[in-house]
Amino acid sequence: MIELTVNGTKHRVDVVPEMPLLWVLRDELGITSPKYGCGVAQCGACTVQIDGMAVRSCQAHIGEVAGKSVVTLEGLEKREQNPVIQAWIEHQVPQCGYCQTGQIMQAISLLDLISNPTDDEINQVMSGNLCRCGTYPRIRAAIHAAAARKMAEK
């Protein structure tokens, strides 16, 4: 049995330590916001936070995550008031929406590390999250808006 905390709730799962966290989240725990995109950590659709850092859950083995805290989109505190989610809605970022949970989780981590990122910093950090619909300008605008909102709240 492997123990981990997901979205504030402790879980014990009976799986092999090599199983990707993505499959544990989706198949064992029924958490569906992280999506399977490529399986090789190149698209970012499966991005979650592990102990506050953005991680591709398709390549994080559950044995490596044991005892750590995992947060998915479902587990964000005060989700409706989250500045990133509010900015995503205001800037109408999603088109098809498939990549958006990974994009949001990566953007939240970015703003936790860099409170007022430049376009270059956004492009660099977000470059591993692919959007087939090409909403990159809206993603960048939403991140700037979320950064401004977070700074105004302080």
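The exercises below, each with a worked solution, concern a predicted model.

**Exercise 1. The hairpin of S3 and S4**

Describe how S3 and S4 pair, and name the residue that takes a positive phi in their hairpin.

Solution. Step 1: S3 covers residues 47-50 and S4 covers residues 53-56; the two pair in the antiparallel sense over four bridges. Step 2: look at residues across the pair. Glutamine 49 is opposite alanine 54 of S4, and valine 48 has valine 55 as its bridge partner in S4. Step 3: turn to the link. Two residues lie between the strands, and aspartate 51 takes a positive phi near 50° in this hairpin.

**Exercise 2. Helices across the sheet**

**Exercise 3. Helix H3**

List the buried residues of H3, say which helices are among those that cover them, and describe what is found at the start of the helix and just after it.

Solution. Step 1: H3 spans residues 83-90, and its buried residues are Pro83, Val84, Ile85, Ala87 and Trp88. Step 2: the cover over these buried residues includes H4 (100-113) and H6 (136-153). Step 3: an α-helix has 3.6 residues a turn, so residues three or four places apart point the same way. With that in mind, compare Ile85 and Trp88, which are among the buried residues. Step 4: at the start of H3, a side-chain oxygen of asparagine 82 comes to within 2.8 Å of the backbone nitrogen of valine 84. Step 5: just after H3, glutamine 92 has a positive phi of about 45°.

**Exercise 4. Salt bridges**

State how many salt bridges the structure holds, and explain what each pair ties together.

Solution. Step 1: there are two salt bridges. Step 2: one joins arginine 149 and glutamate 90, with the closest N and O atoms 2.7 Å apart. Arginine 149 is in H6 and glutamate 90 in H3, so this pair ties together parts 59 residues apart in sequence. Step 3: another joins lysine 150 and aspartate 112, where the closest N and O atoms are 3.3 Å apart. Lysine 150 is in H6 and aspartate 112 in H4, so this pair ties together parts 38 residues apart in sequence. Arginine 149 has a relative accessible area of 23% and is partly exposed; glutamate 90, at 48%, is partly exposed. Lysine 150, at 25%, is partly exposed, and aspartate 112, at 49%, is partly exposed.

**Exercise 5. Threonine 32**

Locate threonine 32 and name its contacts beyond four places in sequence.

Solution. Step 1: threonine 32 sits in the loop between H1 and S3. Step 2: threonine 32 is partly exposed, at 42% relative accessible area. Step 3: with neighbours within four places in sequence left aside, threonine 32 contacts Arg26 and Glu74.

Terms used: Residues are numbered from 1 along each chain as its sequence is written. This is a predicted model: local features need pLDDT of at least 70, side-chain atom pairs count only at pLDDT 80 or more; totals for chains, interfaces and linings use all residues. Side-chain values use heavy atoms; hydrogens and water are left out. Buried means under 20% relative accessible area, exposed over 50%, partly exposed in between (1.4 Å probe, protein chains only). Contact means heavy atoms within 4.5 Å. A polar contact is a pair of N or O atoms within 3.5 Å; within protein, one must be able to donate a hydrogen and the other to accept it, and residues adjacent in sequence count only if both atoms are side-chain atoms. Two strands pair if DSSP finds at least two bridges between them. A salt bridge is a side-chain nitrogen of Lys or Arg within 4 Å of a carboxyl oxygen of Asp or Glu.
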